[in-house]
Amino acid sequence: MSQSDTGNVGSPGSLAEDEQRSSAPAEQVEERPPAPEIDISKPHVARIYDYFLGGKNNYAADREMAEQVLKVFPEAPIGARINRRFLIETVRWLVQEAGIRQFLDIGSGLPTQQNVHEVAQAIDKDARVVYIDNDPLVRVHADVLLATNPNTIVLEGDLRDPQALLNRPELREHLDFSQPIALLLVAVLHFIEDTQQAYDIVKTLCDALPSGSYLAIVHTLKEETMDQASAIYRRASLSGHPRTEEEIRGFFAGLTPVGRGLVRMADWTPPDRPNGLTEGNNVVSLGNSDVLRKLPGMCGIARIDR
Ligand SMILES: C[S@@+](CC[C@H](N)C(=O)[O-])C[C@H]1O[C@@H](n2cnc3c(N)ncnc32)[C@H](O)[C@@H]1O
């Protein structure tokens with residue numbers, strides 16, 4: 001999938017650029033015409049996130065809501081970028097160091113820069129990826145991907161019914177469930193309101209994966225700014241449920257944490273680089289910034305051992 005196919009975001013910025021962007025996140029970008037069946041009158045989580053990343057897959061209702069969120073959480077664009085950094089570095093580590101060749105990315109979002117399949121297939125062109133998201137806009141991208149990349153598929157589906165996802169024939173045909181799979185639930189579990197339901201979803205998915213598989217998560221932390229941002233999401237009938245550190249740790253119950261396990265976003269490093277990230281590969285460059293430290297989110301990788 002080329003950048004022009006997918007309407008990608010502008011080049012990733014440095015932290016200094018990000019800090020400047022935090023009050024004005026996305027440059028004015030040309031709006032893409034929506035597919036006829038897609039309702040753009042209501043905001044959607046995926047497109048609000050796309051706006052924070054400076055992408056083109058967002059519409060007036062999404063931008064309006066994103067601007068409301070920015071009033072209480074001006075660091076949202078930096079949060080989105082550090083989130084992408086975790087995702088990109090995690091996929092790279094999983095392929096290069098953990099030998100993973102299959103990815104199930106649920107709540108994958110809309111195409112942006114350095115998508116999971118691009119990062120994985122740059123290391124091994126045979127790596128297989130399934131993207132699932134509940135934004136119907138993914139269907140548009142599915143058509144492009146199906147035509148150009150036989151090892152990657154995109155499905156519209158809902159994390160709230162994990163068994164239905166697991167039963168999807170396209171998923172079963174694309175991934176070999178006898179071989180390890182990396183399950184990516186990056187910045188999506190906080191859209192499941194009920195904590196027990198969220199735990200059950202993760203358990204159902206992990207139980208379906210063979211030993212030696214991995215789970216990677218990012219989750220927003222219950223702090224004042226996140227509570228305010230979530231209230232805005234909920235007022236627009238979108239969900240948003242930050243959790244406490246203890247609740248987030250519950251997602252790794254019964255799994256083997258890798259590297260530093262679950263840590264705050266600013267503290268995360270790939271398991272093979274405990275002393276920090278090297279500059280150059282990252283979506284955000286790392287400076288001594290208070291902004292990064294304040295980001296209310298946790299992330300980590302765990303292995304499924306049986
Ligand atoms: C904040 S974005 C994260 C995107 C991507 N994982 C990343 O980290 O860059 C959250 C994504 O989760 C999707 N999402 C939210 N609730 C979902 C659900 N119940 N089922 C599937 N996808 C969902 C949204 O549409 C959105 O694309």
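This presentation describes the ligand site of one structure and then several residues of its chain.

Colleagues, the structure before you is a predicted model, in which local features need pLDDT of at least 70, side-chain atom pairs count only at pLDDT 80 or more, and totals for chains, interfaces and linings use all residues. Residues are numbered from 1 along each chain as its sequence is written, and side-chain values use heavy atoms, with hydrogens and water left out.

I begin with the ligand. Around the ligand there are 19 residues, of which Tyr49, Asn83, Arg84, Gly107 and Asp133 come nearest; a residue is near a molecule if one of its heavy atoms lies within 4 Å of it. By class, this shell has eight nonpolar, seven polar and four charged residues. Here Ala, Val, Leu, Ile, Met, Phe, Trp, Tyr, Cys and Pro count as nonpolar, Asp, Glu, Lys and Arg as charged, and the others, Gly among them, as polar.

For valine 186, a backbone N or O atom lies 2.8 Å from a ligand nitrogen atom. For glycine 109, a backbone N or O atom lies 3.4 Å from an oxygen atom of the ligand. A polar contact is a pair of N or O atoms within 3.5 Å; within protein, one must be able to donate a hydrogen and the other to accept it, and residues adjacent in sequence count only if both atoms are side-chain atoms.

Of the 600 Å² of accessible area that the ligand has on its own, the protein covers 96%; such areas come from the Shrake-Rupley method with a 1.4 Å probe, and for residues only the protein chains shown count as cover.

The elements giving two or more residues to the shell around the ligand are α3 (45-52) and α5 (76-96). The most comes from α3, with three residues. Helices (H or I, at least four residues) and strands (E, at least two) are DSSP runs, numbered from the N terminus.

Isoleucine 48 lies in helix α3 and is buried, with a relative accessible area of 0%. Buried means under 20% relative accessible area, exposed over 50%, and partly exposed in between, with a 1.4 Å probe and protein chains only.

Next, the backbone angles. Most residues other than glycine have a negative phi. Glutamine 114, which is not a glycine, has a positive phi of about 50 degrees. This residue is in the loop between β1 (102-106) and α6 (116-123), and at 26% relative accessibility glutamine 114 counts as partly exposed. Its C-alpha atom is 7.0 Å from that of isoleucine 88, 26 residues apart along the chain. Alanine 187 also has a positive phi, near 60 degrees, and lies in the loop between β4 (182-186) and α10 (195-207).

Lastly, threonine 269 is found in the loop between β6 (256-264) and α13 (290-294). Is threonine 269 buried or exposed? At 9% relative accessibility, threonine 269 counts as buried. A polar atom of its side chain lies 3.3 Å from the backbone oxygen of arginine 273.
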